[in-house]
Amino acid sequence: MKHFLPNGDELIIRPPEIKDAAALLASFQRLTRETDYLLFTQKESLELDVTSEEDYIQSYLDNPNQLLLVATVKGRIIGSINVNHSGLHKKAHTAEMGIAVENQWNNMGIGRRLITAMLRWAEERPGLHMIYLHVFSPNEKAMQIYRNFGFMECGRLPQAIAQKNGVYADLVTMYRQIKPLP
């Protein structure tokens with residue numbers, strides 16, 4: 001999918017290829033340096049390698065019930081969205097979403113376009129009825145975007161996240177029903 005950003009750059013949202021492993025890893029490592037709103041710390045992200053990233057990409061390519069999309073500008077990966085299915089029968093109707101966009105590209109509609117692409121994919125999955133996500137409570141901007149897409153808060157794990165500054169934040173669970181249950 002091709003889109004034009006407010007600055008005139010072309011945004012491409014596409015599934016990754018194995019050859020994207022180094023670029024996807026580099027983007028993730030930049031993200032962990034820029035934000036404290038990811039579960040991985042910068043140190044933990046630096047422990048990952050290209051081989052593990054290739055395996056990560058392959059795991060999505062091998063599973064039609066999971067989704068990984070990358071956002072690229074001028075050939076550089078600057079964000080991604082993923083949907084994970086647990087593989088458990090009792091949770092077969094649900095999947096968990098994660099999304100991240102590098103700071104330099106914030107406020108250009110990239111996150112919205114990634115979520116829109118993910119929701120289109122989810123709507124085409126006959127057995128998928130609910131998408132849920134976890135977000136850190138101080139990340140109000142992200143929670144508002146999710147609300148704009150129909151996600152609703154359904155729970156909090158108090159003080160579940162230890163942030164860099166030593167402050168503990170709630171882990172908020174939000175969900176969106178994709179289609180009614182049978």
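User: Which residue in strand 3 stands opposite Ile-13?

Analyst: Ile-13 stands opposite Ala-71 in strand 3. Strands here are DSSP runs of E with at least two residues, numbered from the N terminus. The model is predicted: local features need pLDDT of at least 70, side-chain atom pairs count only at pLDDT 80 or more, and totals for chains, interfaces and linings use all residues. Residues are numbered from 1 along each chain as its sequence is written, and side-chain values use heavy atoms, leaving out hydrogens and water.

User: In what sense do strand 2 and strand 3 pair?

Analyst: Strand 2 (residues 10-14) pairs with strand 3 in the antiparallel sense, over 4 bridges; two strands pair if DSSP finds at least two bridges between them.

User: And what is the bridge partner of Ala-71 in strand 4?

Analyst: That partner is Gly-79.

User: How many residues of strand 3 are buried?

Analyst: In strand 3 (residues 67-73), 7 of 7 residues are buried, meaning under 20% relative accessible area with a 1.4 Å probe, protein chains only. One side carries Leu-67, Leu-69, Ala-71 and Val-73, the other Leu-68, Val-70 and Thr-72.

User: Changing topic, what percentage of the protein chain is buried?

Analyst: Of its 182 residues, 42% count as buried.

User: Which secondary structure does the protein chain have?

Analyst: The protein chain has 5 helices and 8 strands; helices are DSSP runs of H or I with at least four residues.

How values were computed: Buried < 20%, exposed > 50% of the residue type's maximum accessible area, 1.4 Å probe, protein only.
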